[in-house]
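Please read the following account with the sequence and the coordinates open side by side. It moves from one chain to the other and ends where the two meet.

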Amino acid sequence: MQHVSPIREPLVTGGKTYHDITQDISRHVESKPNMRWAAALAVSLFFLGVFLWSVYRTLWYGIGEWGLNKTVGWAWDITNFVWWVGIGHAGTLISAILLLFRQKWRSSINRAAEAMTIFAVICAAMFPVLHMGRPWLAYWVLPLPNTFGSLWANFNSPLLWDVFAISTYFSVSLVFWYIGLVPDFATIRDRAKGPIAKTVYGMLSLGWVGSAKHWSRYETVSLILAGVSTPLVLSVHTIVSMDFATSVIPGWHTTIFPPYFVAGAIFSGFAMVLTLMIITRKTFKLEDYITLEHVESMNKVIILTGSIVGVAYITEFFIAWYSGVEYEQYAFINRATGPYWWAYWSMMTCNVITPQLFWFRSIRRSLTATFIISIFVNIGMWFERFVIIVTSLHRDYLPSSWAMFSPTIIDIGIYVGTMGLFFTLFLLFAKYFPVINMFEVKTILKSSSGVAHSTHHTSMHANDPQLVNHPKHD
Amino acid sequence: MQESKKYWKGLEELNNTPEFAQAAHNEFAEFLPVKETFGSDATEAEVAPRRDFLKLLGFGLAAATLASCEAPVRKAIPYLNKPEDVEPGIANWYASTYFQGGDYNSILVKTREGRPIKLEGNPLSGVTKGGLSAKAQAAVLSLYDNNRLSAPMKAGKASNWKDIDAEIMNRLASAKGKVVLVSSTIISPTTKKAIAEFGAKANGFEHVVYDANSASGLVKANGGVIPGYDFSKAKVIVSVAADFLGTWISPVEYAKQYIQTRKITKDKSDMSRHFQFESNLSLTGSNADVRVAIKPSEEALVVAAIYNKVVGGISAPAFSNKALDKAISELTAARGAALLVAGTNDQGVQTMVRAINQALGAEGTTINTNAPSYLRQGDDTQMIRLINDMKNGLVGAAFFYDANPAYDHPMAEEVLNGLKNVDLKVSFADRINETAKLCDFICPDHNFLESWNDFEPKKGFLSLSQPAISPIFKTRQAQESLLKWSGNNTDYYTYLKNNWAGFTGSGSGWDKAVHDGVLENVSTTGQAMPNVTALSTGEIGATLNKGAQSGIELAIYEKVGLGTGSIEANNPWLQELPDPITKATWDNYVTVPISMAKEKEIEQGDLIKLTARNGQSVTLPALIQPGQAKNTVGVAIGYGRKLAGKVADNVGGNVYPLATVTKDGIIFNSTVSFEKVGGSREIAQTQTHQTVMGRIVVQESTLDKYKKDPKSVTEYVKIATPDGPKKPAAVSLWQDYEYKDHHWGMVIDLNSCIGCGSCVIGCNVENNVAIVGKQEVINRREMHWMRIDRYYSTDATREDGFTEMENPAENPSVIFQPMLCQHCNHAPCETVCPVLATTHSTEGLNQMTYNRCVGTRYCANNCPYKVRRFNWFSYPDNEKFTDVNTPQTTDLGRMVLNPDVTVRARGVMEKCSFCVQRIQSGKLEAKKEKRKVKDGEIVTACAQSCPTNAIVFGDLKDPNSQVRQIMAREQGERAFTVLEEINTQPNISYLTKIRNLA
């Protein structure tokens, strides 16, 4: 058991007991849905409908329903794809890397962050399929045994790497998330009164009884999955960045992309976690579990990654100048001063300038400011991908083919629609699944809660039956 | 029939027993339990039980379901008696001739299974020498035009030939007033004979000829013919507003000649120098070494200034210009190798031009006096007189053959009114066009691909057209109709053949002429070039006094693709062919000079109303045009059709009425009032960025530099390595391909490319390229595999910044670059395709496997040349494209498709294949004959189409191939590959353009 500094802020406030934790979290699952939740779900379902309609138009008539053209072959589709994948980064980072680094503040946010990851990856995965001219043949990108003769997937293509990266990431994240849910499902099962809840949660909890053997296996699996996931956090966006970095298009063909994309992904992922957590915390009254301490820690990550991204932007310009490559130089001057200057400067403002406000402690700890800035970062990161994809393509080598891109209503419909999909999934999760990892929060209750702080001189940890039963890695 | 019955269904029928005879009356020969099932008086045992009923029901349901799942019956019927000359899968070629709107081309018609599918130039022709204009390339589709009439019409209703013949002959006999045949230029001796025969029988017959793109001033100034220009002999060419490479008289012929003086090698480094004085930036002007923008009213002054220096003796208003002085001194210095041409329809100016050419010793050298051209014979004054006669009720019957004055004559309104006074009006139009609509009878003529005819474009140069398909509809050749109405029932083929007896003699002469399509160096009765008539100074004075006007002048021009807007207008290939200069499609527009746009604050697309002095007006969007003379605007004819067909109707505005009609003829310019009316209309351009931004993707240099050191004209990029700068190919990370048999490659000479767009149409036709219509072009989704990039020069340098470099100069120099798939040896597209749909062939082709493509568009993004085209929609069956993509969406239109090339499905990528189907068939042909492929045997559609032979295709492995020899000769001098620094190693090389700057 490690020693917790009295200087550190407590991670759980409000003098909660173990029972309080169970009560507070399970309450939402067990009670009837409230009006606010239902209204939010209705709005999400509306946008999901918009999504389905836009997808129908795309599948029925073709990609021509979008605003793409002979010069700009990717625009909102891949922008949205990279944006959603980026958002999906925070979950695994929080659950895997922070777990390995023994960051205890992750406990109360990891569940929701992981859920967000999975939903974001689902949204992201829509685009590589939808953006295909013939999506019904999407399975051809998988190296399946087939009867097409010598035809197989092209292992040189970064798009193929994407398929592997995204599918691996999705499956590992899903397993990791689900394994983490099992003990909490068991808790809910045990408290369940209705027969349906009993059956469903009973099945979901996979027969968990909380025996020492279960916990031991659970811990082992967690550690293994954390180990497996950690490289994925780096690999997914590295590979996504290679879609661009391995090409010959000025503005894409850049060696800085892998680290820059990973930093950007964490940046946007944390911003999205903040946006969602601030809302969830408020709606479900979880202020004692998601504290200002959490918010502040995440804001620090945002400053760091935001600054890395900012440095990357400037480095790109430096390299364009330093390389002496005419096309590269033009691509970057065109980004900042060409017809899409507004997209570039939106990106710079949202991603580089606004996060610097977090150097001020008051802003860092202000929920309103954090919420607004997190939205800014989300917008900025969308523009980053738009700038990279569209402004590089629309004016590449031969000026004769230079063109502009403008989205159609279907482009917008699909993008807004994936948000509908995302929030529908998230709202269902928030209602029917425990949004906070109950058993992990319990493990930090004694070590880093407000209660623990007041009593940590009286050494009681060893005698705590709960902790004996749940030998945690920390 | 019954008596001689030979077949029987079985022995039962042969024996014809009573049982059989009875059974034969029953619909169902065997017992069916249906009736018993529902019979009311049947006993319990006899009635089929409920279970049987259910069984039957079940079987019926299953059978019906299965039947409905069955694939539809496709009509693939084998020949019972195979036509002698039709081999399925093998093309037949017929020599023929295209002549439309003054554009003459000797052609070869490719037919597959009896359908003409492509036209190519006839290399045996001494006139067009294997070249083919864009219009002629596309003309095969006019055969399959959905708006063609399928039967003759009487008073707006379909009728039959018998009734119509009887009625027309009746009414002709009783016509009060003269009988008139109105036509555009007819260069067919036999047709003229038929008309004469018809005229001999008719009352006070008159044959009125007018041309929508009239050259009557030129014709009159030269005594009824057009001089036989020979640009190939010219060292100095001065053109005053004559677009002889694009639209003027016989552009393919002139381009062939002109380019001989422009092709250079180290050993033959002489080039002609070409001065162009014009208002609108024309195709010819964009190829000139020196181009001066003048107002239309100054054309006469320029010619007069030359006249004064060369011939002397008239008092002309002073017009001086440094370039003009230079042009004059070079013209006079190059006596015997100088040529002046003028595009104006002013007889006075053309008379001066003739005198100048004579004084320069052009006649006999750069003008072939033995072979004058007959391609324009229209007489404007005659037509104007006819219109007045019609108004005054002097015309009893009017026949319109290949003429649509209700649309394409500036006095169209008077034509409309005049026709009301004519009793009998007959049109030979193939559709209900503007004039035919007003006629009592429409007697649709065959399409030229269904007809026999002959042509004499130049004296002594004859050619034939022969049917390549039997008539699709109940049409009849106009000549045959005329003969019939004059009481001669000979069919036109016999008539023609008899008429040719004098040329071909007896025996195989006729067959050879039909086979070759041409018969040249024969003595014909065509008009010879008359001797020059003395020039009266008064005549010139009158012309010059008309000059120099204040205000904005409108210069009306003709487009390379759409011509006069007759049959071409309803051809979607031509509508979607980007104008060589503006790169605009599907519309006409007001070309506004940059200075005027600044002054009047005009943005591209702003609607402008032009009102001519005669009160006629047209409202069109503005297109800001570098090179447009100050205070002038230009508008193209050929648009604004009302009754051309679904493709052309209401595309653009009709500018014919704005031309100036004088007593001497039609002048295609006018002073106009210029009014911004508010609102705008987007112009569908395939290229919106005008300048090359200082990049070396396209290279040019000067003749002086080339002569000093041919190695200095092309810039080659080097990559810095630790061992010093190296060629990009030397630092490759990739393994090179090894080509064992063939290595296909191409060289495109930028010095020879005039930017005409023939190759674009040739490619479209050969490769079934979809047409997408105006909105999709605006969306930048045209499907052309082949495009011609056009760049203007700019006055700005790198120091002025990139934004300034985007602005073209006021009077820019222009460079064209045909751009198609470069078939890179290290192709960026090939590595990124996740499903290996685009791969490299063992012969160096970058191939596209349509049915493997899933449509990620990654290849298109990663293509530095942006030549890949994506099927955004299902162009062949999306209803949005029915009216524009007629070759793929309509049953009739589909007959034009090349059966060797797939029509691409939605969602797949496509691009230039180097006409792989042609390579394949060429290789098979060689294999059958157990030999190697000969150079020149396999030619891509674009190379085949090019009237200036700018594109050379061949095998780079073959040491004797032309392409290999050019590469060997030009390596290090003019040959370069585009974007060499990214090391894509294209199989297409370009040769640097050399300008002969003054």
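Helices, of at least four residues in H or I, and strands, of at least two in E, are DSSP runs that are numbered from the N terminus. The model is a predicted one, and every element named below belongs to it.

With that numbering in hand, a place to begin is chain B, where B:Ala241 is found in the loop between strand 9 and helix 10 (251-260). The phi angle of B:Ala241 is near 60 degrees, which is a positive value in a residue other than glycine. Is B:Ala241 buried or exposed? A residue is taken as buried if 20 or more other C-beta atoms lie within 10 Å of its own, and B:Ala241, with 28 C-beta neighbours inside 10 Å, therefore counts as buried.

Strand 9 (residues 236-240) of chain B pairs with strand 12 of chain B in the parallel sense over five bridges, and B:Val236 has B:Ala338, in strand 12 of chain B, as its bridge partner.

Two packed helices are described by the angle between their axes and the distance between the axes. Helix 9 (residues 257-283) and helix 10 (residues 292-323) of chain A pack at an angle of about 150 degrees, with their axes 8 Å apart, and helix 9 of chain A passes helix 10 of chain A in a left-handed crossing. The residues that meet include A:Phe267, A:Phe270 and A:Val273 from helix 9 of chain A, and A:Met298, A:Ile302 and A:Val309 from helix 10 of chain A. The residues of this contact divide into 15 nonpolar, three polar and no charged.

The largest nonpolar core has 420 residues, of which A:Met116, A:Val273, B:Val303, B:Leu331 and B:Leu610 touch the most other members. Helix 9 of chain A gives the most to this core, with 15 residues. A:Met116 has its place in helix 5 (residues 110-130) of chain A and is buried, with 27 other C-beta atoms within 10 Å. Leaving aside neighbours within four places in sequence, the contacts of A:Met116 include A:Met272, A:Val273 and A:Phe426. The C-alpha atoms of A:Met116 and A:His89, which are 27 residues apart along the chain, are separated by 9.1 Å. In chain B, B:Leu610 touches residues that include B:Leu554, B:Val590, B:Leu658 and B:Phe674, not counting residues up to four places away in sequence.

Finally, the two chains meet: 46 residues of chain B are in contact with 40 residues of chain A. Helix 28 (828-832), helix 29 (858-861) and strand 38 (869-870) of chain B each supply at least two residues of the side of chain B that touches chain A. The residues of that side divide into 23 nonpolar, 14 polar and nine charged.

Note on methods. Residues numbered from 1 in each chain as written. Chains lettered and ligands numbered in written order. Predicted model: local features only at pLDDT ≥ 70, side-chain atom pairs only at ≥ 80, totals over all residues. Contact = placed C-beta atoms within 7 Å. Nonpolar A, V, L, I, M, F, W, Y, C, P; charged D, E, K, R; others polar. Pairing = 2+ DSSP bridges. Buried ≥ 20, exposed ≤ 12 C-beta atoms within 10 Å, placed from the backbone. Axes fitted to C-alpha atoms, helices over the stretch in contact; angles between N-to-C directions. Left-handed = near helix turned anticlockwise from the far one by under 90°. Core = buried A, V, L, I, M, F, W, Y, C linked by C-beta atoms within 7 Å.
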